[in-house]
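Biologist: Hi! Could you walk me through this structure? I'd like to start with the surface and then go inside.

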Amino acid sequence: MTEHINNNGTYKYKLDEILHRLDDAKLRNMYWAFVALATIGGFLFGYDQSNIGLVIPFFPYTSHIPVLLGLEASSEFLGGAVGALIVTFVADKSGRKAFLLADMGIYIVGALVSGSATSYLVLLIGRLIIGVGIGADSAIATAFISEFAPAKDRGRLTGFQQMMINMAILGAYLMGILVYGVDPAGVATVGWRILFYVAAVPAVIGLVFRYKIPESPRWLIIHKKIDKAKKVLETFGISATIEELTEASNEWNEKIKSYKIPRSIWKGVGVIIGFAFFDMFCGIDIPFIFGPEILSTIHLFPTVINPVTSEIYDMVALVPIGIALTVGGFYGWSHIDTWGRKKISEIAWTGMIISGFIAAILWSFKLYLIVLIFLYIYTFVYSVSIGMTAWVLQGESSTSESRGFIAGIIAIAIWVMDFANVTIYPIMSSRIGFTGAWIVYSLLSVGALIWTIFMLKETKDVPVEDMDKLYA
């Protein structure tokens, strides 16, 4: 195989040259349309993550045994691990688009089963199904985006996944206020069901419109779908001849015969999973999922006879958390490609350490309103970077030879850790209380800052095909 040279340097393979054209492409509006459709699964995840906290107080079969309560809230994450596991071993063979379509269908079934639940077990099954859909989606969506995103804009494009999650968490609170406020008498019979059924609507929209997104151009080249690859590349403004694409595909198939995932990729995966561990165990999910229950124990608002009114008060108090997520996320999203993943994460972890410790201490003095304010701050600084950075790193962590597989491995780890965190919280809270729990989370944020400073490599502006060199 001959070497190919363009203005950016020397490429050993024609495939590398073509893929670098994607990395150097100009960002156009069309990219955002594809990204919005690819991240609908993130929106559904964010909605369901907060939605369950609004449902639990009125679900007739909710268990108040800490371990079962935790399982009821976290079963979605267990399903997410299963979905990511499926993607890990199939996506590199079956393509990205097939999963992006299947994920929406799975989610629709899960939402309908959950909304129709007649027992604790049925709800558990419904949320497991939901988890499979969004778990598979999370494993493939950011990898798919990374495969067509220009290098200088990849952080914003893949980070839009977290923006969708943030907006959906806020949307869940607003939807809960609307549904519960319109028919307070029907909350325990119909209202909580509507909150599940509503989620099926964006899933149906996603299923319909995802048919219009292209398959990954990298995947098409690799799998010798030359004519389709040429058309998709043209969609992104990339010119390549049939001869070039054929040569690139042939090179790939020769290369892949002896390919083994290099140690540098596995080292990077370890670092990213370590970063994700601190992301999952920093306590950020707790206000989203258990916020109404936490607020109901401290009587922050006027005591009322109607529990639905009390729940609405609690949801109103949680709306600023959704706003903090959205505003902070937008700020971080707009700066992640200029500041870089590493620097912006170091700033966020520092803010979380300070606000988390203060919230824990003030809780012990029963200064609940001030605690709530510091939880808003905690959420804001988190959303500036951490959640977004974790998704960006997950999607850009490997080269084309193993991107679907590696993204799936990281996603499995994320879902398993999130499942453990949410399951453990009710047990931990019952033993050491809110103050003890948030001291633990703040100490973990200290560990996260140390990990980010000394272990995490900057991926800003690094072409995705060069990720095997980053941790070499």
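Predicted model: local features only at pLDDT ≥ 70, side-chain atom pairs only at ≥ 80, totals over all residues.

Biologist: Got it. Which residues form a nonpolar patch on the surface?

Modeller: Ile361, Phe365, Leu367, Leu369, Ile370, Ile373 and Ile377 do, and together they have about 650 Å² of accessible area. Helix α16, residues 368-395, gives the largest share of the patch, with four residues.

Biologist: And where is Phe365 found?

Modeller: Phe365 is in the loop between α15 (341-364) and α16.

Biologist: Is Phe365 buried or exposed?

Modeller: Exposed, because its relative accessible area is 60% and the cut-off for exposed is over 50%.

Biologist: Okay, inside now. How many residues does the largest nonpolar core have?

Modeller: The core has 153 residues, and Tyr180, Ile221, Phe236, Phe290, Trp349 and Tyr425 are those with the most contacts inside it. Helix α17, which covers residues 403-454, gives the most to this core: 18 residues.

Biologist: Take Ile221. What does Ile221 touch?

Modeller: Leaving out residues up to four places away in sequence, Ile221 touches Leu15, Ile18, Leu19, Ala229, Leu233, Leu245, Ala248 and Ser249.

Biologist: Back to α17. Why does Arg403 count as buried?

Modeller: Arg403, which sits in helix α17, counts as buried because its relative accessibility is 1%, and buried means under 20%.

Biologist: What does Arg403 touch, then?

Modeller: Among the residues Arg403 touches are Asp92, Arg96, Glu147, Arg218 and Glu465, not counting residues up to four places away in sequence.

Conventions. Residues numbered from 1 in each chain as written. Heavy atoms only, no water. Core = buried A, V, L, I, M, F, W, Y, C linked by side-chain atoms within 4.5 Å. Buried < 20%, exposed > 50% of the residue type's maximum accessible area, 1.4 Å probe, protein only. Helix = DSSP H or I, 4+ residues; strand = E, 2+ residues; numbered from the N terminus. Contact = heavy atoms within 4.5 Å. Patch = residues over 30% accessible without salt bridge, like charges linked within 9 Å, V, L, I, M, F, W, Y side chains within 5 Å. Areas by Shrake-Rupley, 256 points an atom, 1.4 Å probe, with all protein chains shown as cover. Salt bridge = Lys/Arg side-chain N within 4 Å of Asp/Glu carboxyl O.
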